Amino acid sequence: NKQPFIEAATIFAVAAGYLVWSSAPGVLWHDTGEFGAVGWRLSLSHPPGHPIHALLTHSGQRLFPFGDLGLRANLVSATTVALALAGLFGLMRRWIPTVKPIVAGTLALLPLGIPAIVEQAVRSEVYGLQLLLSVGLAHLCLAVARGEDQRHLVLLSGLFGLAGANHSYLGLFWIPLAVVA
């Protein structure tokens, strides 16, 4: 059944379209200049260093064929948030299978109305990637709690490592939930 994939892809397309359209044209205030430069040079930013974000930003800066490095770094953040919102849609559909797709889609896109989330999505920041990793952790916590597959526990520990490497303080948030799962 391709329907769930098509629904999640639609959520991604809507979110990505809005965020790409809204993306900053280059470097903005705060950490964006640092994160774009760190991504290009594959170095480390302020503690905790954010190496996963640097690798992803570097890849995006090389893959996107247009704009300056600042815009490309911003597009990486927009893409990660769009993927996170599509993942949130999928999580709602898995957690509550009776929810109608239009309701789950509306709820999944609701963060696009929250200025703090959009601000992090339209400029190069680590929080878009952290949101994506958090949605992945939520998917895996649900899978472990349901006993779907023992391999999910290994994936969960690996994703914890990535989330902790991206932002150690926000990665710690998921530890109690994983223990409960």
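A pocket is defined on a 1 Å grid over the protein atoms alone as an open set of points with protein on both sides within 12 Å along at least five of seven lines, and its lining residues have an atom within 4 Å of a point. The legends below describe a predicted model, in which local features need pLDDT of at least 70 and side-chain atom pairs count only at pLDDT 80 or more, while totals for chains, interfaces and linings use all residues. Residues are numbered from 1 along each chain as its sequence is written, and side-chain values use heavy atoms, with hydrogens and water left out.

**Figure 1. The second largest pocket, lined by residues of H4 and H7.** Leu 88, Leu 91, Met 92, Trp 95, Ala 138 and Leu 142 form the lining. H4 provides the largest share, 4 residues. Helices are DSSP runs of H or I with at least four residues, numbered from the N terminus. The lining comprises 6 nonpolar, no polar and no charged residues; Ala, Val, Leu, Ile, Met, Phe, Trp, Tyr, Cys and Pro count as nonpolar, Asp, Glu, Lys and Arg as charged, and the others, Gly among them, as polar. The volume of this pocket is about 150 Å³, a volume being the space filled by probe spheres set on grid points that are joined across faces, edges and corners.

**Figure 2. The largest pocket, with a volume of about 270 Å³.** Of its 15 lining residues, Gln 130, Leu 131, Ser 134, Val 135 and Trp 174 lie nearest the centre. H4 and H7 (127-145) each supply at least two lining residues, and H7 gives the most, with 6. By class, the lining contains 13 nonpolar, 2 polar and no charged residues.

Figure 3. Glu 7, Ala 8, Ile 11, Ala 15, Ala 16 and Leu 19 are buried (under 20% relative accessible area, with exposed over 50% and partly exposed in between, for a 1.4 Å probe and protein chains only). Phe 5 and Trp 21 are exposed on the face turned away from the buried side. Helices H4 (69-95), H5 (101-109) and H6 (115-121) are among the elements covering the buried residues of H1, through contacts (heavy atoms within 4.5 Å).

**Figure 4. The buried face of helix H5.** Ala 104, Gly 105 and Ala 108 are the buried residues of H5. Seen down the axis, they fall within an arc of 100 degrees and therefore line one face of the helix. Their cover includes H1 and H4.

**Figure 5. Helix H3 (residues 51-63) and the loop between H2 and H3.** H3 has 13 residues and reaches 18 Å from its first C-alpha to its last, close to the expected 18 Å. His 53, Ala 54, Thr 57, His 58, Gly 60 and Gln 61 are buried, and their arc of only 165 degrees puts them on the same side of H3. The opposite face carries the exposed residues Arg 62 and Leu 63. In the loop between H2 (32-41) and H3, a cis peptide bond with omega of about 15 degrees joins Pro 47 and Pro 48. Leu 42, also placed in this loop, has a positive phi near 55 degrees and is partly exposed, with a relative accessible area of 44%. His 50 of the loop has a positive phi near 50 degrees and is buried, with a relative accessible area of 2%.

Note on methods:
Expected span 1.5 Å × (residues − 1). Arc of directions from axis to C-beta. 1 Å grid on protein atoms, 1.4 Å probe; cavity = no way out; pocket = protein on both sides within 12 Å on 5 of 7 lines; lining within 4 Å.
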